Amino acid sequence: MGNTQSPPNNPQYVSASRAFTQKELQDLKSLFNSLASQSQSNGNSISPSVFQSYFRIHGPIGERMFDLITQQRKDQKLTFEDLVVAKATYEKGTKDEIEEFIFRLLDVSGDNFVGRSDLESVVISIFNDILCIKDSEATSSSHQDIVNIFLNAANFSLHGEGNTEETMSFEDFRRWCTHLPSVRKLLGSLLMPPDYGRPGSQIPNLLTSKGIDSNIILLRKEYAWHIGGALSQHELEDWKLLYHSSVNGHSFNTFLGHVSNHEGPSVLIIKDKEGYIYGGYASQPWERHAEFYGDLKCYLFQLNPVASIFRPTGANNNLQWCAVNFTSEDIPNGIGFGGRVNHFGLFISANFDQGHTFSCSTFGSPCLSKTSRVLPEVIECWGVTQGAAAQSKNDGVKGTVLERFKEDRNMLKLVGLANSSE
């Protein structure tokens, strides 16, 4: 009982400790000793302030996490046993155990229900306390408007007695996480080392040309964080604005000219005249094809008035579309994602003045706007700059891809599209 290990007669601790190697337990003990020494507890426990400061989780989420780890004792003391038991469940448990822990984390009021007010506190805390995106950075949309688009993706199907608001079931929570993978990543990694690489915490660096008014940009930081939830870490470094219709004009030819030299993935964003904002992640360069192409990394997304991501279901391979200068009605000129010809999940015609969006089995996505008809007001395209390791990997197959589409690229150059001036 006098050694540095927790008492072996605690069955919960004994069971949890088996999830770790001896080295991992030693590292956890070293971390605990370091934090406990800062907590004015004679090295016996970690205080809430030291815990929140080290893991950089403040506000309602930080308070709720401390409460859950200390098994809701309310004594303001986090012991080594608490830390081991919590991390064994939260980081090394089954998928169900981890998601059950996260679900309980959302109940910031501690009343055993997860209502809209709980989710609102969590989303605000994510933006303000963890991602450090403050209200002062709001431009065309208020901070509360941005919070609401994440809440609008949630369903509250339970009507509990004595509870004044509708609440979320566990299945509601899982569906919410499916549409908001960035939220799931972040809430599932809060006890990992709070360094630059913590999953779910990275926001792409948004690069624009000098002189562009930031108020016309659709892709704000919260949107970029949301879109990036379905991407790997190396795709979340720099995103460069390749095309903006308000700056470059509503022109398909100009669009292709500006994006043709970007060989990597891109993010297409549309704001229509109904005020809805949505788009798609194009895993392959925008190049001339007479049929669907792309791979299963493509996906569709909504940004406003609801935030959702729709990944491929595997129902078909109708992922990405880019047709230019075809004369057949069976090959509509324009860009799009999913669905089928003339009934796409998202499509913008070559005139860049109209398009459509239908529910489609490719992504399991609904109509992305208020109606199926799309009248674009603003179109943006951002080039995703991949990390060095991923770029090196892609270079190994670049020659094959370019050879395959060499004829199409030459055709674009002949009609003056591939290398239009900036």
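These are my notebook entries on a predicted model of one protein.

**Entry 1: ground rules.** I number residues from 1 along each chain as its sequence is written. Since I am reading a predicted model, I keep in mind that local features need pLDDT of at least 70, that side-chain atom pairs count only at pLDDT 80 or more, that totals for chains, interfaces and linings use all residues, and that side-chain values use heavy atoms, with hydrogens and water left out.

**Entry 2: the whole protein.** I looked up the secondary structure and found 15 helices and twelve strands. Both are DSSP runs numbered from the N terminus: helices are H or I with at least four residues, strands are E with at least two. Next I checked burial, and 50% of the 422 residues count as buried (under 20% relative accessible area; exposed is over 50%, partly exposed in between, with a 1.4 Å probe and protein chains only). The accessible surface comes to about 19300 Å², and 48% of it belongs to carbon and sulfur atoms (Shrake-Rupley method, 1.4 Å probe; for residues, only the protein chains shown count as cover). I also looked at contacts (heavy atoms within 4.5 Å): among those between residues at least 6 apart in sequence, 61% join residues at least 24 apart.

**Entry 3: helix H4.** I turned to H4, residues 59-69, and found eight of its eleven residues buried. Among them are Ile-61, Met-65, Phe-66 and Leu-68, but also Arg-64 and Asp-67. What do the buried residues of H4 pack against? I found helices H3 (48-55), H5 (80-90), H6 (95-106), H7 (116-130) and H10 (181-187). Just after H4, I noted that Gln-71 has a positive phi of about 55°.

**Entry 4: helix H5.** H5 is largely enclosed by the rest of the structure, because ten of its eleven residues are buried. The buried ones include Phe-80, Leu-83, Val-84 and Tyr-90, along with Glu-81, Asp-82 and Lys-87. They pack against H1 (11-17), H2 (22-37), H4, H6 and H10.

Entry 5: I checked the record: an unreviewed UniProt entry places "domain: EF-hand" at residues 94-129. UniProt positions are in the numbering used here, feature names are shortened, and annotations may be inferred rather than shown by experiment. In the model, this span is 72% helix and 0% strand, with its end C-alpha atoms 28 Å apart.

**Entry 6: cysteines.** How many disulfides are there? Taking a disulfide as a pair of cysteine sulfur atoms within 2.5 Å, I count zero.
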